[in-house]
Amino acid sequence: MSLCDARNLRLVGLAAGLCALLALSGCQVKPLYATDTNTQQAMAAIDFSEADDRVELEVRNNLVFLASGGAGEPVNPQYDVDFNVTTRYVGVLLDLKDDLPRAGRVELRAEFTLKRRGTEEILRTGKRRTVALVDYPGQEFAKIRATRDAENRAAREMAELIRADLAAWLGR
C-alpha cells in the first residue's frame, strides 16, 4: 500500500467518524416515561367538567389528582376537558341452578374533548374503554361492595388512559 492510499484511507475513516458523531449529536438520553416541565404545567392547568354520577366522579377525581400531581384543581385554568362516562354491567358466568350471575364485568366508556379556555377551540377529542372483572358472591352486601370495587378499578384505569392521551397531546 502506498503512502497516498494510506492517507486517503485515514481521511475516509476520519470523515466516517465525523459523520457518526454528527448523527449522534441529535440523540438525547432521558427516561422513557419522563414528562417535561412544559407538559406538566399544561396538565396542571386543565379544568375537568363536573360529574353526573358516582363512577364519573371517581374518574374526575382521579384525573384531577393525576393531572395536577396531587395539587388539586387549577386556579387559572388554560384548558377545559369535557367528558362523559357511561357504565355497563355484563354478567358473564351464570349459575345454571338458580340463573344468577356469579362473575361479570364492569365496562366504562368515555368520550372527552380538550378545549382551549377562552376561545373554546377544540384541540382534540378522544374515546376510551376500560373493563374490570368482578366476582359476585352470594351475600348481597358483598355483591354490592364487589361491584363498587370493580367500578373504582375501572375508573382509575380510565383516568390513567385519559391522562396519558392529554399529556401526549399537550406535549407536542
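## Terms and model

A residue is called buried when its relative accessible area is under 20%, exposed when it is over 50%, and partly exposed in between (1.4 Å probe, protein chains only). By that rule Asp80 is buried, with a relative accessible area of 10%.

This is a predicted model, in which local features need pLDDT of at least 70, side-chain atom pairs count only at pLDDT 80 or more, and totals for chains, interfaces and linings use all residues. Residues are numbered from 1 along each chain as its sequence is written, and side-chain values use heavy atoms, with hydrogens and water left out.

## Confidence

pLDDT is the predictor's confidence in each residue, on a scale from 0 to 100. The average for the protein is 87, and 86% of the residues score at least 70. Confidence is lowest in helix α1 (residues 3–25), with a mean of 72, and highest in α3, with 97. Where pLDDT is low, the predicted coordinates should not be read in detail.

## Overall layout

The protein has 4 helices and 4 strands. These elements are DSSP runs numbered from the N terminus: helices are H or I with at least four residues, and strands are E with at least two. Along the sequence they follow the pattern α-α-β-α-β-β-β-α.

Of the 172 residues, 31% count as buried. A contact means heavy atoms within 4.5 Å. Among contacts with a separation of 6 or more, 63% join residues 24 or more positions apart.

## The nonpolar core

A nonpolar core is a set of buried Ala, Val, Leu, Ile, Met, Phe, Trp, Tyr and Cys residues joined through side-chain atoms within 4.5 Å. The largest one here has 32 residues, and Phe48, Val59, Leu108 and Leu166 have the most contacts inside it. Two or more residues each come from α2 (37–44), β1 (46–48), α3 (54–68), β2 (79–95), β3 (100–116), β4 (122–135) and α4 (140–170). The largest share, 11 residues, is from α4.

Leaving aside neighbours within four places in sequence, the contacts of Leu108 include Val55, Val59, Val85, Thr130, Ala154 and Met158. Thr130 is in strand β4 and, at 2% relative accessibility, counts as buried. With residues up to four places away again not counted, Thr130 touches Val106, Glu107, Leu108, Ala154, Glu157, Met158 and Leu161. The side chain of Thr130 also reaches the backbone oxygen of Ala154 at 3.3 Å.

Strands pair if DSSP finds at least two bridges between them. One example is Glu111, whose bridge partner in β4 is Lys127.

The hairpin has 5 residues between the strands, and Gly118 there takes a positive phi near 100°. Glu120 lies in the loop between β3 and β4. The phi of Glu120 is also positive, at about 60°, although this residue is not a glycine. At 44% relative accessibility, Glu120 counts as partly exposed.

## Asp80

Asp80 belongs to strand β2. Its contacts, leaving aside neighbours within four places in sequence, are Asp47, Thr113, Leu114, Lys115, Arg117 and Glu120. The side chain of Asp80 makes a polar contact with that of Arg117 at 2.6 Å. A polar contact is a pair of N or O atoms within 3.5 Å; within protein, one must be able to donate a hydrogen and the other to accept it, and residues adjacent in sequence count only if both atoms are side-chain atoms.
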